[in-house]
Amino acid sequence: MFAWMLSPPVLAVAEAKSADDTRGGGLRKGKEALINRSPLQEEIMKCLAYSRFVYMLLGMVLVLFLDGAVYAQAAKPSRAILFVIDGLRSEAPERLGLKNIQRLAKQGTLYRKAYLVMPAHPKSGAWAEMHTASIPNPVMLSGTLLIRRQTRLVQEMFDNKAFTAHLASTRNAYRSVNRRFNFSYMDSNGDESAIDWAIAVMEKEDVAFMRIHLQATGSAGKLSASGQANLPWKNNIWGEGSPYIEKAKRADELLGKFVQSLEDMGKWEDTLLIVTADHGQADEGNHPMDNEGSWITPLIFVGAGIARGRVYEYAEHIDIIPTLCHMMGIEPPSSGPGAGTVLEEIKESNPGTAKSRRQFLREINEDLKHYYDLLESAEHRAMKDAEFRQQLDQWQAEIYSMERFSAWHKAGSLSRLIETNRRVLRNMQAALSMP
Ligand SMILES: [Zn+2]
């Protein structure tokens, strides 16, 4: 019934220790003990006897001290939850009236367009030897576009005492990004079941990081591309009765249920929640890698330490994990060339001005779209021109295309990667314009 993909240390809900035994319980007890033993309080008690004035002063100090403590607690989240709705395109929340996502966006900070790498999913070759998931998933979880075999994922950055959990409503796709989680649920039993388990884990454990992946919306989008021709939603995910709409609305309800349960448990105020998708969706359904609708998702940060009501136009999926790690006070899995940046503007303690930035992912995708367009006519020409064939093979070996994604790290940096791609594109275009 349930597929337990257990990575060491093995811990399932049923086997979880009682609430008092958990590290969280221990930590809470530790905090209380600290407050009980506070010398400041004893000092205040003594001073009370001396004068009303001293009492007032110390009272003020105590208020400031407690304020500071409360502020520090609110600013640094106790846990981070990455909530992924498969295939949710950037405009879907507004267009479909997804109430919970829209409400959370208002309570937190929204990026209307979060760009991701083209959602290619090589099933053989160098990438497939490294990962079972489509390229955008490990990219998101490592926070870099220059992935190597040894590149770490976010859950591997939490220390051994922190509890991490992974829930995906599909059995096999995310096996390779499942490593080192303390708890895993991966089954194609529907989004509802994954959320029920997520809530159960939250109740039992003091979770530091949780990744939830609801698969049904993306799978429903595929039906529009492959389904019967006489239906209004054939080749149109927005069409009447579209399964994509139905599943996106359901995912939104489940998100609402999950947040409500965190509130009921008293675990909402100190949670950092990130809502996004692993890729978007084409109007026609599915996520063809050269379709702009596939490249863009919504991205919301909400909760502890996050500014309310801020809206920005652009972020990149490689920014998500560096930002999460920054908020949680842990080292990010990747830094340096290829890695994303911390989105400082989401912090309530910061002014909301976003730094101007180069839009690497938009540039890379647009160049590659151009390349795949040229490639069609180039392949035509190569069929009847042996010399051109050789030339084309050379370009294909040089350009950092999605087929060569596992070699992108050889570019050294994203600007050099873009430079190389543009040089190849210029040469291709020039050669194709010659008779
Ligand atoms: Zn997907």
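**Sheet, core and helix packing**

In the predicted model, eight strands form an open sheet of mixed pairing, arranged in the order β4-β3-β5-β1-β6-β7-β2-β8. The edge positions are taken by β4 (183-186) and β8 (310-316); each has a single partner strand, so one side of each is left without a neighbour in the sheet. From one strand to the next, the twist averages 15°.

Within this sheet, strand β6 (residues 271-276) and strand β7 (residues 296-303) run antiparallel and are joined by four bridges. Leu-273 has Val-302 of β7 as its bridge partner. Helix α5 (residues 99-107) packs on the sheet, where it touches β2 (109-115), β6 and β7. The direction of α5 makes about 55° with that of β7.

Helix α5 also packs against helix α10. The axes of these two helices, α5 and α10, come within 7 Å and cross at roughly 55°. On the α5 side the contact is made by Lys-99, Asn-100 and Ile-101; on the α10 side it is made by Asp-252, Leu-255, Gly-256 and Val-259.

The largest nonpolar core has 110 residues. The members that touch the most other members are Phe-83, Ala-194, Ala-198, Ile-212, Ile-274, Ile-300 and Leu-324. Helix α10 (residues 243-265) gives the most to this core, contributing nine residues. Both domain 2 (77-356) and domain 3 (361-433) give residues to the core, so it lies between them.

The surroundings of Ala-194, one of the core residues with the most contacts to other members, can be listed in detail. When residues up to four places away in sequence are not counted, Ala-194 touches Leu-167, Ala-168, Ser-169, Tyr-185, Ile-212 and Leu-214.

For the protein chain as a whole, 15 helices and eight strands are assigned. The chain has 435 residues, of which 42% count as buried. Among its contacts between residues at least 6 apart in sequence, 72% join residues at least 24 apart.

Note on methods. Residues numbered from 1 in each chain as written. Predicted model: local features only at pLDDT ≥ 70, side-chain atom pairs only at ≥ 80, totals over all residues. Core = buried A, V, L, I, M, F, W, Y, C linked by C-beta atoms within 7 Å. Buried ≥ 20, exposed ≤ 12 C-beta atoms within 10 Å, placed from the backbone. Domains from an automatic or database assignment. Contact = placed C-beta atoms within 7 Å. Pairing = 2+ DSSP bridges. Axes fitted to C-alpha atoms, helices over the stretch in contact; angles between N-to-C directions.
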